[in-house]
Amino acid sequence: MIIQSKDIEQRAIEQVADLMCVAARTAPKARGIDNLVVMIVKGRTKDQLVEEMKKIALASGAQFFERDAKCLEKTQLALLLGQKVKPMGVQPCGYCGYANCKENTEKSGMCAISVGDLGIALSSAVSVAAQHHVDNRIMFSIGRAALNLDIFEEEVKIAYGIPISVSGKSPFFDRA
């Protein structure tokens, strides 16, 4: 039996994506409160994200959405990490710009500590990709498109995407 490189690479990238999701889930979280939502997108859903990113580029004039959409098109799959941003009850904190968590909630603010948890989870996930030599890049543009498409079933307020790729050349560098 011969297993071709393309088949090996597809199996490997899916395994690494799974491990990235585990790393994000087990990343440290403030007060031990887990408000993270993690998923893998590929196929039709990934294609919908690409199209939404192109629409955003057209509507806003922010051409980096088009550039990032082209990068996403070249990848096998992407992870989506979203955060249900809720005040964490760390008093007094003030990192959000409000006097306390009550004022933050009343004014629909975003808890800086909760948002920071998302950053830690993203870093944990991409560290796994790096350890396995899988090309990756954190992109808020993918997260914005996912929020526009309401891909998350839960109340996610902020999201990022991490496209990952196994190819002879990283699609995330030398971008136009």
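Predicted model: local features only at pLDDT ≥ 70, side-chain atom pairs only at ≥ 80, totals over all residues.
Residues are numbered from 1 along each chain as its sequence is written, and side-chain values use heavy atoms, leaving out hydrogens and water.

**Stop 1: the largest core**

Select M20, A24, L36, L79, L81, I162 and I164. Within the largest nonpolar core, of 29 residues, these touch the most other members. A nonpolar core here is a set of buried Ala, Val, Leu, Ile, Met, Phe, Trp, Tyr and Cys residues joined through side-chain atoms within 4.5 Å. Buried means under 20% relative accessible area, with a 1.4 Å probe and protein chains only.

Now colour the elements that give two or more residues to this core: helix 1 (5–26), strand 1 (36–41), strand 2 (77–83), helix 5 (112–131) and strand 4 (158–165). Helices (H or I, at least four residues) and strands (E, at least two) are DSSP runs, numbered from the N terminus. Helix 5 gives the most, eight residues.

Zoom in on L36. Beyond its neighbours within four places in sequence, L36 is in contact (heavy atoms within 4.5 Å) with A24, R25, K29, L81, G82, Q83, L118 and A121.

**Stop 2: the other core**

**Stop 3: helix 2 and helix 3**

Show residues 43–60 and 64–73. Their axes are 8 Å apart, at an angle of about 165 degrees. Axes are lines fitted to C-alpha atoms, for helices over the stretch in contact, and angles run from 0 to 180 degrees between N-to-C directions. Helix 2 is therefore roughly antiparallel to helix 3 (over 145 degrees).

Pick K46, L49, V50, M53, K54, I56 and A57 in helix 2; they meet F65, E66, D68, A69, L72 and E73 in helix 3.

**Stop 4: helix 3 and helix 6**

F64, F65, D68 and L72 in helix 3 meet F140, S141, I142 and R144 in helix 6.

**Stop 5: helix 2 and helix 6**

Finish here. The angle is about 100 degrees and the axes are 9 Å apart, so helix 2 is roughly perpendicular to helix 6. Select L49, E52, M53 and I56 in helix 2, which meet S141, I142, R144, A145, A146 and N148 in helix 6.

Conventions: Buried < 20%, exposed > 50% of the residue type's maximum accessible area, 1.4 Å probe, protein only. Parallel < 35°, antiparallel > 145°, perpendicular 65-115°, else oblique.
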